[in-house]
Amino acid sequence: MSPSHPPRSPQTPLTPPTRTGRPRSVEADAAILEATRAALVELGWSKLTMGDVASRAGVAKTTLYRRWAHKSELVVDAVAVLFDELQLPDRGSLMADVEGVVLQFAALLDRPEAKTALMAVVAESTRDEALRERIRSAIVDRQKRLVLLGRERAQARGELPYEDDPAQAARNADLIFDVIAGAVVHRALVSAEPVDREWAHNFSLLLVNGLTTGPAPFSSPPA
């Protein structure tokens, strides 16, 4: 028997739902974040206002508030863009890779806009748990990519062993990141000492020796 209903015609592609509101502008975002960094260097945290940033960026203040609820969120995103510039070129060995990223990180922290913004949001985050979480997600978690990439390369070269336990591997990556970031930030911003090639070399040597010598340095402690 023939079917009781006519054959279906080919379906036409679904039309995407119409978006409401104005789309975000990459150029406007970049201008806003650049204006935020400039204003922070010139005015400092306490005098920085959303209105001043809007004026410098040439946008309405309502534009800022549609994207960032508070100036602390805006400043975190402004400094996160700078940290995204960090790269890990393959320099042929774990030692050279660590040394290279340490020098890059130190050069970034030496920029007035990065130094001022980072110190400001870290200080403010001591009283604001939501801001601490934003710093973790926008800066810390994103920059752990450098540790993961460096470890992957070192494992491929045979410099580091592969790790069978994913949870332990993640904890190790966190610890390596904390050691590198903590040492460089303390040296550059707290002690105000230079992170030059000699310091970067000695620090990298210490870290790599800890990673490659003896039993797994970051294994779980005995019960």
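Colleague: Which helix gives the most to the lining of the largest pocket?
Modeller: H7 does, with 10 residues. Bear in mind that this is a predicted model.

Colleague: How much space lies in that largest pocket?
Modeller: About 740 Å³. The lining has 35 residues, and those closest to the centre are Phe105, Phe177, Ile180, Ala181 and Gly182.

Colleague: Which elements give two or more residues to the lining?
Modeller: Helix H5 (94–109), helix H6 (112–125), helix H7 (129–157), helix H8 (166–190) and H9.

Colleague: And by class, what does the lining of the largest pocket have?
Modeller: There are 26 nonpolar residues in the lining, along with 4 polar and 5 charged ones.

Colleague: Back to H7. Lys144 is found there. Is Lys144 buried or exposed?
Modeller: Buried. Its relative accessibility is 18%, and the cut-off for buried is under 20%.

Colleague: What is the C-alpha to C-alpha distance from Lys144 to Ile176?
Modeller: It is 9.2 Å, with the two residues 32 apart in sequence.

Colleague: What about Val147, buried or exposed?
Modeller: Val147 also lies in helix H7. It is buried, with a relative accessible area of 11%.

Colleague: Let's zoom out. How many helices and strands does the protein chain have?
Modeller: There are 9 helices and 0 strands. From the N terminus on, the elements run α-α-α-α-α-α-α-α-α.

Colleague: What share of the chain is buried?
Modeller: Buried residues are 39% of the 223 in the protein chain.

Colleague: How many residues are in the largest nonpolar core?
Modeller: That core has 60 residues. Val53, Leu74, Phe83, Val102 and Ile139 have the most contacts inside it.

Colleague: Which elements give two or more residues to this core?
Modeller: Helix H1 (26–43), helix H2 (50–57) and helix H4 (71–83) do, and so do H5, H6, H7, H8 and H9.

Colleague: And which one gives the most to this core?
Modeller: H5, with 10 residues.

Colleague: New topic: aromatics. How many aromatic pairs does the structure hold?
Modeller: It holds 2. In one of them, the ring centres of Trp199 and Phe203 are 5.3 Å apart and the planes are at 0°, so the pair is stacked.

Colleague: Where do Trp199 and Phe203 lie?
Modeller: Both are in helix H9 (residues 197–212). They are 4 residues apart, about one turn of the helix.

Colleague: What sits over the ring of Trp45?
Modeller: The charged end of Lys71, 4.7 Å from the ring centre.

Colleague: Last one, on backbone angles. What is phi of Ala192?
Modeller: It is near 55°, a positive value in a residue other than glycine.

Colleague: Where is the place of Ala192?
Modeller: In the loop between H8 and H9.

Colleague: Buried or exposed, then, for Ala192?
Modeller: Exposed. Ala192 has 58% relative accessibility, and exposed means over 50%.

Definitions and conventions:
Residues numbered from 1 in each chain as written. Predicted model: local features only at pLDDT ≥ 70, side-chain atom pairs only at ≥ 80, totals over all residues. Heavy atoms only, no water. Phe/Tyr/Trp six-rings, centres within 6.5 Å; stacked < 30°, edge-to-face > 60°. Lys NZ or Arg CZ within 6 Å of the ring centre and 35° of its normal. 1 Å grid on protein atoms, 1.4 Å probe; cavity = no way out; pocket = protein on both sides within 12 Å on 5 of 7 lines; lining within 4 Å. Points joined across faces, edges and corners; volume = space filled by probe spheres on them. Nonpolar A, V, L, I, M, F, W, Y, C, P; charged D, E, K, R; others polar. Core = buried A, V, L, I, M, F, W, Y, C linked by side-chain atoms within 4.5 Å. Buried < 20%, exposed > 50% of the residue type's maximum accessible area, 1.4 Å probe, protein only.
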